[in-house]
Amino acid sequence: MAKLTKEELEKRLKKYAKSMGFELENQRFYQYLRLNIDFDSFFILNFLNKEEVIEIIEDKKTINELSILLSDIVDEKLASTPPYPPLSKN
């Protein structure tokens, strides 16, 4: 499998966020990702196409490397994105 770059994974994250109705201007999406990454070691498979999944499904090392890359991106975005605004009380 060709190595998935950080830029390509970020592009896929944006597409995923948009398809789920998340805004990227705040931390809500990245908090969602952080929870899922921590809970599911195979969460990264959501961002791969069918051919990529078939190639790496039994390659635990590659899955771990991609999960680390995803975690790094999420941590970077959480640090650089403003918190989600509190709900108004109106």
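Visitor: Why is F22 called partly exposed?

Guide: Buried means under 20% relative accessible area, exposed means over 50%, and partly exposed is in between, with a 1.4 Å probe and protein chains only. F22 comes to 22% relative accessibility, so F22 counts as partly exposed. Before we go on, this is a predicted model, where local features need pLDDT of at least 70, side-chain atom pairs count only at pLDDT 80 or more, and totals for chains, interfaces and linings use all residues. Residues are numbered from 1 along each chain as its sequence is written, and side-chain values use heavy atoms, with hydrogens and water left out.

Visitor: What makes the pair of F22 and F29 tilted?

Guide: Let's start with the pairing rule. Rings of Phe, Tyr and Trp (its six-membered ring) pair if their centres lie within 6.5 Å; planes under 30 degrees apart are stacked, over 60 edge-to-face, and the rest tilted. By this rule there are 9 aromatic pairs. For F22 and F29 the centres are 5.2 Å apart and the planes make 50°, which gives a tilted pair.

Visitor: And why is the pair of F29 and Y30 edge-to-face?

Guide: Their planes stand at 65° with the ring centres 5.4 Å apart, so that pair is edge-to-face.

Visitor: Are F29 and Y30 buried or exposed?

Guide: F29 has a relative accessible area of 0%, so F29 is buried. Y30 has 7%, so Y30 is buried too. Both belong to one aromatic cluster, together with Y16, F22, Y32, F43 and F47.

Visitor: Which secondary structure elements does the protein have?

Guide: It comes to 4 helices and 0 strands, running α-α-α-α from the N terminus on. Helices (H or I, at least four residues) and strands (E, at least two) are DSSP runs, numbered from the N terminus.

Visitor: Why are α1 and α2 called roughly perpendicular?

Guide: Helix α1 (residues 6-20) and α2 pack at about 105°, with their axes 11 Å apart. The axes are lines fitted to C-alpha atoms, for helices over the stretch in contact, and the angles run from 0 to 180 degrees between N-to-C directions. Under 35 degrees counts as roughly parallel, over 145 as roughly antiparallel, 65 to 115 as roughly perpendicular and the rest as oblique. So α1 and α2 are roughly perpendicular to each other.

Visitor: Which residues of α1 and α2 meet there?

Guide: From α1 you get L13, Y16, A17 and M20, and from α2 F29, Y32 and L33. By class, this contact has 7 nonpolar, no polar and no charged residues. Here Ala, Val, Leu, Ile, Met, Phe, Trp, Tyr, Cys and Pro count as nonpolar, Asp, Glu, Lys and Arg as charged, and the others, Gly among them, as polar.

Visitor: How do you know that L13 is buried?

Guide: L13, in helix α1, has 4% relative accessibility, so L13 counts as buried. Leaving aside neighbours within four places in sequence, L13 is in contact (heavy atoms within 4.5 Å) with F29, L33, F47, L70 and I73.

Visitor: Why is K14 called exposed?

Guide: K14 is found in helix α1 as well. At 52% relative accessibility, K14 counts as exposed.

Visitor: What makes R34 buried?

Guide: R34 sits in helix α2 (residues 28-39), and a relative accessible area of 18% makes R34 buried. Beyond four places in sequence, R34 is in contact with S71, V74, D75 and L78.

Visitor: How do you know that Q27 is buried?

Guide: Q27 lies in the loop between α1 and α2, and with 14% relative accessibility Q27 counts as buried. Apart from neighbours within four places in sequence, Q27 is in contact with L78, T81, P82, P83 and Y84.

Visitor: Why is V53 partly exposed?

Guide: V53, in helix α3 (residues 50-56), has a relative accessible area of 21%, so V53 is partly exposed. V53 touches L45 and L48, not counting residues up to four places away in sequence.

Visitor: What share of the protein is buried?

Guide: Buried residues make up 34% of the 90 residues.
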